[in-house]
Amino acid sequence: MIKKPNLNLAYALRTVQDNRNLYAAWAKDYETEFAHQMDYVLPQKVAEIFVEIGGVGPVLDVGAGTGLAGEALLKLGIESIDALDLSGAMLEVASNKKIYKNLFTEDITQPIKTINYLYQGIISSGTFTHGHVGPDAIENLLAVAQEGACIALSVNRDHWFKNGFSIKFQELDDKIERLLLHEVSIYGNNSKADHRNDLAIVVTFKKV
Ligand SMILES: C[S@@+](CC[C@H](N)C(=O)[O-])C[C@H]1O[C@@H](n2cnc3c(N)ncnc32)[C@H](O)[C@@H]1O
């Protein structure tokens with residue numbers, strides 16, 4: 001029996017199956033009990049940065065969850081957005097919003113099997129963080145990106161330094177270009193919770 005989900009439990013996850021279980025239990029309340037209460041602004045910031053660097057659709061929203069980043073992208077005029085997430089329960093909430101064309105239930109720590117399409121853009125908000133996904137998954141994302149695709153991924157700032165994201169980007173040097181790091185707040189001024197000062201790095205780059 002899983003405890004009522006919250007951010008501390010999410011950060012303490014260890015395995016992919018832990019993630020599936022937690023998000024299955026969190027899906028219906030994720031927006032009211034987490035995003036709204038925490039004034040979670042990261043999806044909006046990732047979408048804005050993607051547009052600022054010249055990102056266009058078709059876009060794959062990775063770790064799309066209930067669709068907050070997809071909604072933000074759509075409001076900024078980006079059309080043709082697909083969603084990918086490990087959690088079928090989170091994707092079910094996203095699907096009801098009718099913002100995504102296609103939804104894929106996949107684990108990005110493994111090669112992506114169900115997508116036989118190359119995207120012009122990839123975004124991700126909140127998925128490269130403690131207890132979730134590390135830097136090795138970036139290669140699996142590059143495999144579904146077209147040459148020249150714009151990519152904007154948020155990485156929790158502490159997770160970035162603890163888990164060797166800089167080293168991974170050095171290793172990817174011949175596969176990507178125009179690497180930029182944008183430091184942003186994950187939560188807004190109305191957040192009342194412990195983690196309100198947490199930061200993310202939104203890393204942007206293009207596939208060569
Ligand atoms: C904090 S939520 C972020 C959801 C949404 N992008 C947002 O910003 O609200 C993290 C999401 O990553 C997904 N996730 C965790 N591990 C994953 C994996 N290995 N592959 C794909 N998605 C994963 C979870 O199911 C969850 O929906």
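P58 sits in the loop between helix 4 and strand 1; helices (H or I, at least four residues) and strands (E, at least two) are DSSP runs, numbered from the N terminus. The peptide bond leading from G57 into P58 is cis, with omega near 0°. The model here is a predicted one, so local features need pLDDT of at least 70 and side-chain atom pairs count only at pLDDT 80 or more, while totals for chains, interfaces and linings use all residues. Residues are numbered from 1 along each chain as its sequence is written, and side-chain values use heavy atoms, with hydrogens and water left out.

D39, in the loop between helix 3 (30-36) and helix 4, has a phi near 50°, a positive value in a residue other than glycine. S80 is not a glycine either, yet its phi is positive at about 65°. S80 belongs to the loop between helix 5 and strand 2, and with 27% relative accessibility it counts as partly exposed (buried means under 20% relative accessible area, exposed over 50%, partly exposed in between, with a 1.4 Å probe and protein chains only). For background, most residues other than glycine have a negative phi, and most peptide bonds are trans.

Seven strands make up an open sheet with mixed pairing, in the order 3-2-1-4-5-7-6; two strands pair if DSSP finds at least two bridges between them. Strand 3 (103-105) and strand 6 (176-185) are the edge strands, each pairing on one side only. From one strand to the next, the twist averages 15°. Strand 2 (residues 81-85) runs parallel to strand 3 in a pairing of three bridges, and L84 has F104 of strand 3 as its bridge partner. Strand 5 is mostly covered, since nine of its twelve residues are buried.

Helix 6 (residues 88-96) lies across strand 2 and strand 3, at about 170° to strand 3; axes are lines fitted to C-alpha atoms, for helices over the stretch in contact, and angles run from 0 to 180 degrees between N-to-C directions. G65, in the loop between strand 1 and helix 5, touches D85, M90, L91 and A94, leaving aside residues up to four places away in sequence (contact means heavy atoms within 4.5 Å). With 6% relative accessibility, G65 counts as buried. The C-alpha atoms of G65 and P5 are 15 Å apart, although 60 residues separate the two along the chain.

Helix 4 (residues 42-52) and helix 5 (residues 68-75) have axes that come within 8 Å and cross at roughly 45°. The two helices are therefore oblique to each other (under 35 degrees counts as roughly parallel, over 145 as roughly antiparallel, 65 to 115 as roughly perpendicular and the rest as oblique). Where they touch, P43, Q44, A47 and F50 of helix 4 meet L68, A69, A72 and L73 of helix 5. These contact residues divide into seven nonpolar, one polar and no charged; Ala, Val, Leu, Ile, Met, Phe, Trp, Tyr, Cys and Pro count as nonpolar, Asp, Glu, Lys and Arg as charged, and the others, Gly among them, as polar.
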